[in-house]
Amino acid sequence: EIDGLRAIAVLTVMLYHAGFSFMSGGYLGVDIFFVISGFLITSIIRREVLNNNFSITRFYERRIRRILPALYIVMAASLSASWFIQTPQQLIAQFESILSILLYVSNFYFLSQNDYFASDAALSPLIHTWSLAVEEQFYVIFPVFLILIMKQKRVDIRLILAAACTISLGTTFFVDKYDPNANFFFTTSRVWELGIGCLLACMPAPQKDTPNLTNIITVISLCIIAASVVLFTNDMYHPSPLTLIPVLATAALIRYTKKGCILYSALANKYVVQIGLYSYSAYLWHQPLFALYRTKYYEHIDPINFLPLIILTFALAHFTWKYAEMPLRSKTLVRYRHLLIVLGLLTALFASISIIGIKNDGFRERFKKYGSIQIFEQQTNPKPFMTECVQHYNGTDIKQILSACSLGIKKTEDFTFIIWG
């Protein structure tokens with residue numbers, strides 16, 4: 001049923017990013033992922049601590065095996081495709097985002113660059129990695145915090161987690177007041193969503209409830225999530241106390257969905273579960289596909305056009321899951337030391353390419369034959385061109401004026417189009 005919830009989460013995010021108006025609150029899929037993540041990670045840590053076999057090294061090894069291989073594959077594919085599609089300025093932005101991803105601070109990078117709900121954010125292939133950064137920042141501290149609390153026998157860990165969630169949720173009021181965009185990206189504004197999952201994992205197993213009560217709770221919870229992704233909008237400040245509604249509904253589904261209840265057979269259906277298993281890779285793949293498609297065909301886009309891309313997303317997710325995620329999670333197939341060496345070399349390669357790309361102005365020579373690239377970029381940043389042109393406009397040297405105030409190729413006989421005005 002957890003994988004069934006993952007399937008719901010990834011589908012809502014993808015349909016939202018595709019632009020389907022009925023899914024105006026589809027961004028809540030990430031909030032669902034946060035609750036699931038907090039629940040699963042805390043369950044694993046608590047079980048191992050109670051069995052006296054928890055290892056912080058082994059914990060981070062699992063995170064690395066789980067997160068990095070698929071992420072690096074998608075980053076490499078995104079960069080390769082962007083070479084042919086993105087403008088120099090767009091490619092520079094992607095190089096900068098890759099550097100931030102490697103440092104696990106992409107949420108702060110995208111905070112400095114975009115409003116998540118602005119139209120230009122949809123053209124950023126890797127903006128969705130902000131959520132990975134939030135998780136990894138959380139899990140740098142949380143395992144140690146949890147172990148220390150568990151060692152204090154007189155302290156109720158549930159009260160500590162509840163207090164932390166309350167404080168985190170409270171910060172959303174203040175952060176949103178000064179910067180709503182920061183509220184969306186800040187880790188402090190998201191801790192409570194992960195914390196709800198953590199708190200759920202620390203609760204005693206539910207007593208045997210009557211089937212009718214379980215069915216009522218789970219069906220109502222699913223209806224609340226469905227209503228939330230339909231009724232929430234970009235204009236609402238998020239996360240906020242209202243976000244508690246779908247977050248608590250997700251927690252209720254995790255806690256009460258079990259064999260015998262109505263929803264179990266639906267969430268545990270083998271096809272739904274398979275989508276859930278692909279959810280991480282699908283989440284990684286969808287945004288680069290959507291963003292680059294929008295960049296290339298910006299004026300001819302309808303949400304229906306994204307349906308083939310959604311199918312392609314799951315096809316790529318299948319191969320990534322089968323040939324990268326699953327094999328590299330196996331300690332018998334791939335030794336951790338060897339994996340670290342390869343990932344370390346890839347990290348250095350990504351960093352080097354990004355730094356070189358930034359210093360080389362996004363490899364502008366890719367478009368040296370196309371004067372139109374200058375016009376495209378001036379649309380988003382006209383001021384430098386206007387300033388340079390105006391400075392020369394009052395002069396008397398006509399050649400200097402034409403050089404400063406014209407775009408495109410310079411030889412008259414090679415003109416293919418002209419812009420007047």
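**Note on the predicted helical model**

1. Overall make-up. Buried residues account for 48% of the 421 residues in the protein. The model is predicted. Its secondary structure consists of 19 helices and 0 strands. The protein exposes about 21800 Å², and carbon and sulfur atoms supply 66% of that area. Of the contacts with a separation of 6 or more, 77% are between residues 24 or more positions apart.

2. Salt bridges, helix H1. The count for the protein comes to 12 salt bridges. One of them joins Arg-6 to Asp-3, with 2.8 Å between the closest N and O atoms. The two residues are separated by about one helical turn, because they stand 3 residues apart in helix H1, which covers residues 2–18. Arg-6 has a relative accessibility of 18% and therefore counts as buried, the limit being under 20%. Asp-3 is buried as well, at 17%. Both values should be read with that cut-off in mind: buried means under 20% relative accessible area.

3. Glu-61 and Arg-65 form another pair, their closest N and O atoms lying 3.0 Å apart. Both belong to helix H3 (residues 56–85), where a spacing of 4 residues puts them about one turn of the helix apart. Glu-61 is buried, and Arg-65 is too.

4. Which residue forms a salt bridge with Arg-190? The partner is Glu-193, and the closest N and O atoms are 3.2 Å apart. Arg-190 and Glu-193 are both buried. Salt bridges with shared partners bring Asp-31 into one network with Arg-190 and Glu-193.

5. Cysteines. How many disulfides does the structure hold? The number is 0. Cys-165 is in no disulfide, and the nearest cysteine sulfur, in Cys-198, is 7.3 Å away. Cys-165 is buried, with a relative accessible area of 9%. For Cys-198, the closest cysteine sulfur is that of Cys-202 at 7.2 Å, which is too far for a bond; the cut-off for a disulfide is 2.5 Å between the sulfur atoms. Cys-198 is buried too, at a relative accessible area of 0%.

6. Thr-218. This residue is found in helix H10. Is Thr-218 buried or exposed? Its relative accessible area is 0%, so Thr-218 is buried. A polar atom of the Thr-218 side chain lies 2.9 Å from the backbone oxygen of Thr-214. Setting aside neighbours within four places in sequence, Thr-218 is in contact with Leu-253, Tyr-256, Thr-257, Cys-261 and Leu-263. Helix H11 spans 244–256, and the contact list for Thr-218 includes Leu-253 and Tyr-256.

7. A cis peptide bond. The bond from His-238 to Pro-239 is cis, with omega near -5°. Where does Pro-239 lie? Pro-239 is in the loop between helix H10 (211–231) and helix H11 (244–256).

8. Asp-361 is not a glycine, yet its phi is positive at about 60°. Its place is in the loop between H16 and helix H17 (372–380). Phe-363 is also not a glycine and has a positive phi, of about 50°; Phe-363 lies in the loop between H16 and H17. As for accessibility, Asp-361 is partly exposed, with a relative accessible area of 31%, whereas Phe-363 counts as buried at 14%.

9. A nonpolar surface patch. Which residues form a nonpolar patch on the surface? They are Val-342, Leu-346, Leu-349 and Ile-353, and together they have about 310 Å² of accessible area. Val-342 has its place in helix H16, residues 336–359. With a relative accessibility of 46%, Val-342 counts as partly exposed, a class that runs between the 20% limit for buried and the 50% limit for exposed.

Notes:
Residues are numbered from 1 along each chain as its sequence is written. This is a predicted model: local features need pLDDT of at least 70, side-chain atom pairs count only at pLDDT 80 or more; totals for chains, interfaces and linings use all residues. Side-chain values use heavy atoms; hydrogens and water are left out. Patches are made of residues with over 30% relative accessible area and no salt bridge: like charges are joined within 9 Å, nonpolar side chains (Val, Leu, Ile, Met, Phe, Trp, Tyr) within 5 Å. Accessible areas come from the Shrake-Rupley method with a 1.4 Å probe; for residues, only the protein chains shown count as cover. A salt bridge is a side-chain nitrogen of Lys or Arg within 4 Å of a carboxyl oxygen of Asp or Glu. Buried means under 20% relative accessible area, exposed over 50%, partly exposed in between (1.4 Å probe, protein chains only). A polar contact is a pair of N or O atoms within 3.5 Å; within protein, one must be able to donate a hydrogen and the other to accept it, and residues adjacent in sequence count only if both atoms are side-chain atoms. Contact means heavy atoms within 4.5 Å.
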